[in-house]
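Please look over the chains shown here before reading on. The briefing that follows groups its points by topic.

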Amino acid sequence: MNVHKADLIILGAGLAGLRAAISAKETDKNLTIAVVSKLYFLRSHSVSAEGGTAAVLYEGDSYDLHAYDTIKGSDYLADQDAVERFVRTMPNEILYLDHWGMPWSRREDGKIAQRPFGGHSFPRATYAADRTGFHAMHTLYERLLTYDGVEKFQEYFATSIIIDNGRFNALTAINMKTGEYEIFQGKGLLIATGGLGRLYPFTTYSHTVTGDGAAMALRAGMPLEDMEFVQFHPTGLVPSGILITEGARGEGGYLINKDGERFMQRYAPQKMELAPRDVVSRSIMWEIQAGRGFEGPWGPYVLLDLRHLGDEKIKERLPAIRDLAIKFNGIDPAKEPIPVRPAAHYTMGGIQVDIDGMSPIPGIFAAGEAACVSIHGANRLGSNSTAECLAYGDITGVSAAKYVQKVSNIPELNMQKVKEEENRIFKEPFKERGSESVASLRKELQNTMQEKVGIFRNEKDLTDALQKVKELQKRFENVYVEDKNMFYNMNLITYLELSNLLEVAEVVILGAIARKESRGAHYRTDYPKRDDVNWMKHTIAIKRDGKIELSYIPVRVTKWQPEERKY
Amino acid sequence: MPLKDSLYWIKLKGKHLSDGIAFLFHRLTGLVILLYLYIHFAALSQLIGAQSTGGSNFKNFLKTVESPPFVALDILLFLVIFYHGANGIRLVINEFGIGTKKRQLFFWIMMALGIIGWILLSYVVVNAFLHS
Amino acid sequence: MENIILRIKRGDPSHWEYKDYEIPIEKDTTVLDGLFYVRDNIDHSLSFRASCRMEVCGSCAMMVNNFPRTTCSTLFSKIEPAKIENGKKVFIIEPLQGAAFKWIRDLVVDFDEFFKKHESVKPYLIRKDNPEGQLLQSPKELKKYYILTLCIKCGACTAACPISNSDPNYLGPAALTAAYRFNADSRDQGKNLRLAIVSDPEGCWRCHFSSECSNACPKEIDPATAIQKLKVQSAAYELKKIFHIKGGE
């Protein structure tokens, strides 16, 4: 059993994790940092982000406008003080990336270009072709190489967070290459493990996004906030679920139904295809329900038409999605429209943190999609997530570094909990039991979530889903790891990932059942209106004695009072 | 194990003639030319002590090699040398960053030049042999 | 809809074998879909790397019929089978080949060395000053190097490169392309620092332009051209150093 010690442990190496590592190093050059990820860092899901990063850069835009767009987009559930801090941090993040080598797309005058995006009333999505997340990830990774004292732990699967005497004690992990048990101890922990999209079968997420950080936090007794809000991105390529960026609509793409009409006219006459994602996703589903969608071997879909943009513009502004459409569907977007359908895309909820990124447990921080500050409230605007990862990766990295500077020593390792965890992940899973498999249970979980906890929810579906998840949790005890070879044992890893998914699924459903209103991405056909009187509050879920308890905290309002959300 | 690992050069399928296969042949022809160099020195060493023996060793040697089978081998050798030379020139020019994008076309142009050179030299040699 | 055979190399350096798995495929099934099918339904112990499934993370590169490909974007219908046995197409799946990749197990190889080589060329923007505001760059200047920024570090080029296959000390096409990417970036001021590193017998000069890297690259970056351009820079740098001309420090 190896014990690795560092001042700050950063779990997760996507945009938020790497940005936090850089910020922590900039705050204090002498800090030792251990960045731990279950993947080689450049494989993190952040590389899939395409469209852009929102920031106020040029004349005609203002912090208040960006904040207002974000807050209105969040259906007034966002904490406005955090949003105001976020929008003011963003412009510098764009410049930092530029100075660190990011190949931002440029205007004719050599300045960084921006484009329109859904829900934003000014074209402020700063972009690098349509691979913004990919380029940002590589830029941050490369920049991080310039610092000493940062040790990279790649392909270490973290399994639990040990909290002792109310503070961070250790992080337990499996070294995937050798199968050995490894412990990470530090003065502080920063969780940046991303979302939980693989709960759904039709999703833009990578296979590796299984809500590990949220599940570990839940098991450790930490609070999860607003977990019922899952964003469905309107344009997921059919049948793979691969993301077709909102930038395609930002550059002027149309959404067409079976009758060839731009149906967004009916639902968001002013913004049309550039309404916020929850509005567009629901619109597409309503069209399909009304029988105006196309039927295909892979389910219903609508079309995203980019033909009128012309080959030149597509090659220049949207080269990646052009490549994807050709490679995976054999369709050239300049000649044929692309089949799309809403796909699970983002988790607005996450580990509850304050405006500095610190969770209620001293020494444990969270940033990026894994955290809920909350910037995005009930619905996230496009190009705000890569932005949040940068801005709040920066802010949280700084606050984590400052916190860690004040801590004098690393606490003594709680060997008892370490041994219990060792038993949970190395002995229990291998005990031969029944005949269920990881894959079949996962498929059932995903299908349940898609059918009953999707874009349209109601009491009956949600309670059925909860029952099903509880049943799956019981049946999970019949699954065991057949593969005894501990070198790169993916059987064990997928087993542990499924257990994480089963844990967080329950929180999502409980939050959805309790919230008897429709707000942002959480839409209930039995409560279709937004209820500001009773429900303008955040859901907090904590696991105590094996049961998940829900409580509520108010939304922090500064300038903007809730109004009707029309586009 | 560099020697064992070199087998990967052959294992890779889907190689283009202008690329991986040209690379492989450049090395094989290089080895052949190296081998020929030793043979050539061995042949020329027949000249050692030619003053005292009247060069009889060398004259005998020439009788053996001025025969059809050896001339045929010579022509094969010229092919090897022209391939190595033409490909080599192509590589030198490519490594200046010139013609790397249209490398297939460039390869075939150089091969054509090499073949022409080979035919010309073979003609001259065979001609000289037939008239001797 | 047809059935095909996946012949997968299983095991580790101490003991290995090729196992056959029969799977159903459609017109647009990718090799990675096939591997997931095997793991989910037939053999839970199959180990392989996969994440984004959209050819942007670089996890899934493997040898498919002895050619390195990103399996998530390789459709069975678009590639030739290795052979046909009993009327079924056979596709051979093996881990990335060569001395540059230490084989761990099944289809998983060690990428630590690969990333270390990348790090060694200083693959980040180096500036001598730190100006305020944006670093201006015209669209033309961006176009000069942009395609080189698309490298997803999948390792296909390194598995295809005959030098990388037999010489573990060679920096490899991925690292050298990264070095040239920054040398060609108009905002960069660290060209000589990088050239000092790649102007090495095991750096850009170990390349002999077999250009298999450019054939294998799924993003069509053409690393071979980038390395030759790097050689030109390297030669100029070394000459300047020898004759003490300015620019060779």
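This is a predicted model, in which local features need pLDDT of at least 70 and side-chain atom pairs count only at pLDDT 80 or more, while totals for chains, interfaces and linings use all residues. Residues are numbered from 1 along each chain as its sequence is written, chains are lettered from A and ligands numbered from 1 in the order in which they are written, and side-chain values use heavy atoms, with hydrogens and water left out.

**Chains**

- Of the 2 pairs of chains in contact (contact means heavy atoms within 4.5 Å), chains A and C share the most contacts.
- Chain A and chain B are joined by no contact, and their closest C-alpha atoms lie 20 Å apart.

- E497(A) belongs to helix α15 (residues 490-514) of chain A; helices (H or I, at least four residues) and strands (E, at least two) are DSSP runs, numbered from the N terminus.
- With a relative accessible area of 9%, E497(A) is buried, where buried means under 20% relative accessible area, exposed over 50% and partly exposed in between, with a 1.4 Å probe and protein chains only.
- Apart from neighbours within four places in sequence, E497(A) is in contact with K38(A), F157(A), T208(A), T210(A) and D212(A).
- The side chains of E497(A) and K38(A) are joined by a polar contact of 2.7 Å, a term for a pair of N or O atoms within 3.5 Å; within protein, one must be able to donate a hydrogen and the other to accept it, and residues adjacent in sequence count only if both atoms are side-chain atoms.
- Although E497(A) and T208(A) are 289 residues apart along the chain, their C-alpha atoms are separated by 8.4 Å.
- The axes of helix α5 (residues 212-219) of chain A and α15(A) come within 8 Å and cross at roughly 70°; axes are lines fitted to C-alpha atoms, for helices over the stretch in contact, and angles run from 0 to 180 degrees between N-to-C directions.
- That angle makes α5(A) roughly perpendicular to α15(A), since angles of 65 to 115 degrees count as roughly perpendicular, under 35 as roughly parallel, over 145 as roughly antiparallel and the rest as oblique.
- In this crossing, D212(A), A214(A), A215(A), L218(A) and R219(A) of α5(A) meet E497(A), S499(A), N500(A), E503(A), V504(A) and V507(A) of α15(A).

**Helices of chain C**

- Helix α7 (residues 191-198) of chain C packs against helix α9 (residues 223-242) of chain C at an angle of about 95°, with their axes 10 Å apart, which makes α7(C) roughly perpendicular to α9(C).
- On the α7(C) side K191(C), N192(C), L195(C), A196(C) and V198(C) take part, and they meet L230(C), Q233(C), S234(C) and Y237(C) in α9(C).
- F182(C), which is placed in helix α6 (residues 173-183) of chain C, is buried with a relative accessible area of 1%.
- Leaving aside neighbours within four places in sequence, F182(C) is in contact with E142(A), P123(C), Y124(C), L125(C), D188(C) and R194(C).

**Strands of chain A**

- Strands β21 (residues 537-544) and β22 (residues 547-554) of chain A pair in the antiparallel sense over 8 bridges, where two strands pair if DSSP finds at least two bridges between them.
- β21(A) and β22(A) form a hairpin with 2 residues between them, and D545(A) in the turn has a positive phi of about 50°, while K547(A) in β22(A) is the bridge partner of R544(A).
- An open sheet of 3 strands in chain A has the order β3-β5-β4, with antiparallel pairing.
- β3 (53-54) and β4 (114-115) of chain A stand at the edges, each with a single partner strand, so one side of each is left without a neighbour in the sheet.

**Backbone geometry**

- Most residues other than glycine have a negative phi, and most peptide bonds are trans.
- V238(A) and P239(A) are joined by a cis peptide bond with omega about 5°, and the bond from V373(A) to S374(A) is also cis, with omega near 10°.
- D226(A), a residue other than glycine, has a positive phi near 55° and counts as buried at 0% relative accessibility.
- F209(C) likewise has a positive phi of about 55° although it is not a glycine, and F209(C) is buried, with a relative accessible area of 2%.
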